[in-house]
Amino acid sequence: MANSAQAAKRARQAVERRARNMSARSELRTAISRTVRALDSGDAEKAAAAYEQARPVIDSMVGKGIIHANKASRHKSRLNKRLKSLSTE
């Protein structure tokens with residue numbers, strides 16, 4: 001239990017922030033997995049559309065501090081690499 005009003009408020013804020021961050025992280029994972037499923041299906045057009053929807057979600061998570069910029073770059077790079085290989089086949 002918190003020993004001061006300040007500590008109690010910080011505990012409440014931590015609970016709220018954790019819920020918000022978990023929701024945002026879930027949105028990120030959903031966007032990435034949706035793109036991966038589209039890539040696995042083999043439909044290049046559908047995969048490109050999914051990637052275009054996932055890219056701004058990934059970038060917005062960097063702005064919110066949910067993930068590091070390098071991690072976002074890595075995700076985008078790997079998804080784009082798979083998309084390009086699907087298009088050339």
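Reader: What radius of gyration does the chain have, and what would a compact globule of 89 residues have?

Author: Good place to begin, and keep in mind that this is a predicted model. A compact globule of 89 residues would come out near 12 Å, whereas this chain has 18 Å. The box tells you about the outline: along the principal axes, the C-alpha atoms fill roughly 65 × 20 × 15 Å.

Reader: How many helices and strands does the chain have?

Author: You will find three helices and zero strands, in the order α-α-α from the N terminus on.

Reader: How should I think about a nonpolar core, and which residues touch the most other members here?

Author: The general idea first: in soluble globular proteins, nonpolar side chains tend to be buried together. Here the largest nonpolar core has 19 residues, and Leu28, Leu39, Ala47, Ile58, Met61 and Ile67 touch the most other members. Helix 1 (5-41), helix 2 (44-63) and helix 3 (69-88) each give two or more residues to this core, and helix 2 gives the most, with seven.

Reader: Which residues is Leu28 in contact with, leaving aside neighbours within four places in sequence?

Author: Leu28 is in contact with Val57, Ile58, Met61 and Ile67.

Reader: And what about burial and charge?

Author: Of the 89 residues, 24% count as buried. The accessible surface is about 6400 Å², with 48% of that belonging to carbon and sulfur atoms. As for charge, there are 20 positive and 8 negative side chains, and the centres of the two sets lie 13 Å apart.

Methods
Residues numbered from 1 in each chain as written. Predicted model: local features only at pLDDT ≥ 70, side-chain atom pairs only at ≥ 80, totals over all residues. Heavy atoms only, no water. Helix = DSSP H or I, 4+ residues; strand = E, 2+ residues; numbered from the N terminus. Rg over C-alpha atoms; globule rule 2.2 N^0.38 Å. Buried < 20%, exposed > 50% of the residue type's maximum accessible area, 1.4 Å probe, protein only. Areas by Shrake-Rupley, 256 points an atom, 1.4 Å probe, with all protein chains shown as cover. Lys, Arg positive; Asp, Glu negative; His and termini not counted. Charge placed at Lys NZ, Arg CZ, Asp CG, Glu CD. Core = buried A, V, L, I, M, F, W, Y, C linked by side-chain atoms within 4.5 Å. Contact = heavy atoms within 4.5 Å.
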